[in-house]
Amino acid sequence: MKKISRVLVANRGEIAVRIIRACRELGIKSVAAVSEADKDSMAAKIADRVICIGPARPADSYLRADILLCAARGTGCDAIHPGYGFLAEQPDLAELCRQHGVLFIGPSPESLRQMGNKLLARETVRRYSVPVIPGSGKVRDVKEAYQIAEEMGYPILIKAAAGGGGKGIKFVMGPEELRVTFETAAAEARMAFGDETLYLERFFSNARHIEVQIVADCSGKVVQVGERDCSMQRRYQKMIEEAPAPSLSDRQREEIREAGVRIARGMRYESLGTVEFIFDQEAHQFYFLEMNTRIQVEHPVSEMISGIDLVKEQIRIAADEPLPWSQSDVQLTGHAIECRINAETPELGFQPCPGRIEQWVEPEGRGIRVDSHCYSGYFISPYYDSLMAKVITWGMDRSEAIERMRYALERFVITGVDTTIPFLRDIFDQPDYIKGQVHTRWTEEYLDSLHFLTPSGSEDGPPLQETR
Amino acid sequence: MSLTEDEVTQILKWIEDSNFDELNLVMGEMKLVVKKRRDGRLVAEEAAAQRSTQTVVPEKGAMEVEKGKPFCATYEIQDRTGAIPEEGLSAIRSPMLGTFYRCPAPGAPPYVEVGSFVEEGDTVCLIEVMKVFNAVKAGVRGCIAKIFPETGQLVEYGQTLFFVSPDDRIHKKGEA
C-alpha cells in the first residue's frame with residue numbers, strides 16, 4: 001500500500017470543494033491549486049493550503065501539467081486529484097506523475113489513452129462482446145463520408161475521435177448537409193483537440209443515455225454501483241440525472257450493468273469510471289457510447305442511493321487499498337435526482353451569465369443535498385464553465401425525489417446572475433418527465449415548442465415561466 | 001460593450017509593464033483611463049457615458065459580465081503574500097509558479113544582491129518548472145531594495161520576489 005498524506009487538488013469549482021471534503025474525512029491534507037481568478041474561491045478558503053498556479057486563463061493554469069506537478073512536489077503532496085474536465089482524462093499529467101513518483105488519483109495513463117480516443121475505445125469494447133453504436137472507423141474524406149452515410153442511412157452523427165463528454169459531435173439530417181458539416185467538424189476537431197480524425201455514428205431519435213458507475217481496485221475487483229439515466233440533455237450536455245434509470249426492465253438493467261463490469265474487467269481498469277451506453281427505446285437494445293475515466297459531475301446520485309462515498313473510494317484505490325466491500329454489499333435504496341444549476345440565461349439560448357452573486361441561499365430539508373462552491377458575493381468568472389451548484393434530492397421512490405426537487409428548486413435563492421432554475425422548475429411540471437417518458441432529444445424538442453409558443457425577446461419576463 | 005474584471009486587470013498589467021504613463025481607451029460608450037502614479041502604482045477608472053437602456057441580445061459567445069452596470073474599479077497593486085511595497089518601492093513578481101534560483105549556476109554569483117542596479121531588461125533570477133529554466137526580467141529600472149525568496153524555494157504565480165527602489169541616484173553617482 002502507498003501512503004497518501006497530502007493531495008494537490010488540481011481543479012476548481014464545486015468538485016475541488018468535494019475533493020477537499022473527502023480528503024479531510026480521510027485525514028489527508030489538501031492543497032488547493034488555484035488560478036489567479038480563484039484566489040477567493042471556496043476551495044481556497046477550506047483547503048489546508050493554497051497555491052496560485054497561474055493566470056485565470058485555463059491554458060496558463062489548470063491545463064499546465066508541468067506547473068501542477070511542480071506545485072505538488074513543491075508543497076510536499078504525494079498525490080494529485082485531477083477532478084473532472086481540464087487534465088482529468090489527459091494521459092500527460094498521469095504520465096508525468098508516474099515519472100516523478102506522485103500518485104495520480106485516477107486510472108493508468110494506458111487506460112486513459114485506450115478510452116480517450118473514441119475510435120480505439122470502440123475497438124477495445126467490441127473485443128469484450130459488448131454491442132457498440134453502429135458506425136464507421138476513421139473517415140478519411142467527405143467522399144468516404146458520403147459512401148458510409150449512404151449505407152448507414154440518415155440522420156447520422158459526425159464525431160471527433162479525440163472528443164467525448166458531448167464535445168465534438170455534429171448532427172447531420174441528410175446528404176445536403178454532409179459536406180459542410182463534415183468540413184467544419186474536421187476544422188473544429190483540429191482546433192479543439194489537435195486531432196481532426198472523424199468517424200460516423202448512427203443516430204437514435206428515441207434513445208436514453210444510461211451509464212454504469214464502476215469502482216475497480218488494484219486487486220482486480222470490479223464492482224458496479226448501479227446505473228444512472230442522463231437523458232435530459234441539451235446539445236449533448238447533461239442537465240438532469242437520476243438513479244436508478246426509470247425506464248429499464250430488471251433484465252435490461254442487469255445486462256447493462258454487467259456489460260459495464262465486463263468492459264472494466266477486460267481492460268484491467270483501476271479507479272472510478274463510468275461506462276456510458278445509448279439505450280434505443282424502439283428496439284430495446286443498448287450500445288456502448290464511451291467510457292469516462294474520471295469522477296463524474298453526476299456521481300452524487302449514485303452516492304445517494306448506495307451510501308458509498310465515491311470520491312473517498314477513488315482516493316483509497318489510488319493508494320492501492322483494496323475495496324473493503326464486494327458487489328453483494330452494494331445495496332441500492334430509493335431514488336435520487338440531480339439538477340445542474342448553471343449561471344446561464346435560458347431565454348437567451350442558455351448563454352453563460354457570469355457576474356457577481358448578490359444573494360445565495362441554498363435549500364435545506366430532508367433528502368436534499370447541495371454540492372457547490374458559491375456563496376453571496378462570489379464572482380463567477382467568465383473564464384470557466386457556468387456550473388454553480390448541483391442540487392441532489394433523494395426519496396424512497398422517484399415521485400418523492402421529484403417532490404423534494406420541486407421544493408428545493410423553489411427554495412433556492414440566487415440573485416445577481418441568471419440561472420437555469422426557472423427552466424428546471426418548469427421541467428419538473430412536465431408530464432413526460434414525471435412519467436419518465438423522455439429521450440436524449442426531448443429537452444431540445446421541448447425548448448423548440450416553447451420558442452414556438454412564446455417568441456424570445458419578450459419584455460414581460462422569462463417566457464419559460466409563462467407557459468403551461 | 002463593457003470590460004470584464006480580468007480584461008481590465010490584463011490592460012493594467014500591460015501598462016504596468018510598458019513605458020507609458022497614461023492610457024485613454026474609448027470603446028463605443030465605454031471609456032477607460034489608466035494613469036501611473038509617481039510611485040509606480042496604477043489607478044484605473046472606467047466611466048460609462050450615456051448607456052442605452054434597450055436590451056440587446058448579445059451575439060452567441062459574447063459575454064458581458066456586469067449587465068447594465070458600468071464596471072468601476074480602483075485597482076491598486078497589493079501583494080498577495082502580504083508584502084506591500086513601501087512608498088516609492090515597486091515589486092518584481094513571479095511570472096509563474098516554480099522553483100526560485102538567484103544564481104545562473106551552482107556556485108556562480110547571484111544575478112542581483114541588495115543594492116544592485118538593474119535596467120528593465122536585466123535578468124534578476126531564474127524560475128524552474130520541470131527542468132525548464134525561465135529568466136525573470138526586472139521590468140523596472142532601479143536598485144534592488146529587498147530579496148524575498150531563497151534559492152530552491154517554491155514561488156507562486158504573482159508572488160513578490162524583489163522590491164526595487166526606482167531611484168537611480170546610485171547609478172548616476174557611479175557614472176560621475
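This report describes the domains, helix packing, strand pairing and chain contact of a predicted model.

**Domains of chain A**

An automatic or database assignment divides chain A into domain 1 (6–105), domain 2 (134–202) and domain 3 (207–466). Between domain 2 of chain A and domain 3 of chain A, the C-alpha centres are 27 Å apart. The contact of these two domains involves 4 residues of domain 2 of chain A and 4 residues of domain 3 of chain A. On the side of domain 2 of chain A that touches domain 3 of chain A, 3 residues are polar, 1 is nonpolar and none is charged.

Two packed helices are described by the angle between their axes and the distance between the axes. For α3(A) and α4(A), the angle is about 35° and the axes lie 9 Å apart. Their crossing is right-handed. From α3(A), the residues Ala65(A), Leu68(A) and Leu69(A) take part, and they meet Asp92(A), Leu93(A), Leu96(A) and Cys97(A) of α4(A). By class, this contact of α3(A) with α4(A) has 6 nonpolar residues, 1 charged residue and no polar residues.

Within α4(A), the buried residues are Pro91(A), Leu93(A), Ala94(A), Leu96(A) and Cys97(A). The buried residues of α4(A) pack against α3, α5, β4 (79–81) and β5 (103–104) of chain A. After α4(A) comes Gly101(A), with a positive phi near 70°.

Helix α5 of chain A spans residues 109–116 and is mostly covered, with 6 of its 8 residues buried. The buried residues of α5(A) are Pro109(A), Ser111(A), Leu112(A), Gln114(A), Met115(A) and Gly116(A). Their cover includes α4 (91–99), α6 and β13 (285–292) of chain A.

**Strand pairing**

| Strand | Partner strand | Bridges | A bridged residue pair |
|---|---|---|---|
| β6(A), residues 156–164 | β8(A) | 5 bridges | Ile158(A) and Leu200(A) |
| β12(A), residues 271–280 | β13(A) | 7 bridges | Glu276(A) and Glu290(A) |
| β5(B), residues 98–101 | β7(B), residues 123–129 | 3 bridges | Tyr101(B) and Leu126(B) |
| β7(B) | β8(B), residues 132–137 | 6 bridges | Val129(B) and Val132(B) |

The strands β7(B) and β8(B) form a hairpin with 2 residues between them. Met130(B), in the turn of that hairpin, has a positive phi of about 50°.

Which elements of chain A each supply at least two residues of the side that touches chain B? The contact as a whole takes 23 residues from chain A and 18 residues from chain B. On the side of chain A, the elements that each give at least two residues are β3 (49–54) and α3 (65–74). The largest share of this side, 6 residues, comes from α3(A). By class, the side of chain A that touches chain B has 15 nonpolar, 5 polar and 3 charged residues.

Helix α3(A) therefore has a part in two of the contacts described: in chain A it packs with α4(A), and it supplies residues to the side that touches chain B.

Definitions and conventions:
Residues numbered from 1 in each chain as written. Chains lettered and ligands numbered in written order. Predicted model: local features only at pLDDT ≥ 70, side-chain atom pairs only at ≥ 80, totals over all residues. Contact = placed C-beta atoms within 7 Å. Helix = DSSP H or I, 4+ residues; strand = E, 2+ residues; numbered from the N terminus. Nonpolar A, V, L, I, M, F, W, Y, C, P; charged D, E, K, R; others polar. Pairing = 2+ DSSP bridges. Buried ≥ 20, exposed ≤ 12 C-beta atoms within 10 Å, placed from the backbone. Axes fitted to C-alpha atoms, helices over the stretch in contact; angles between N-to-C directions. Left-handed = near helix turned anticlockwise from the far one by under 90°.
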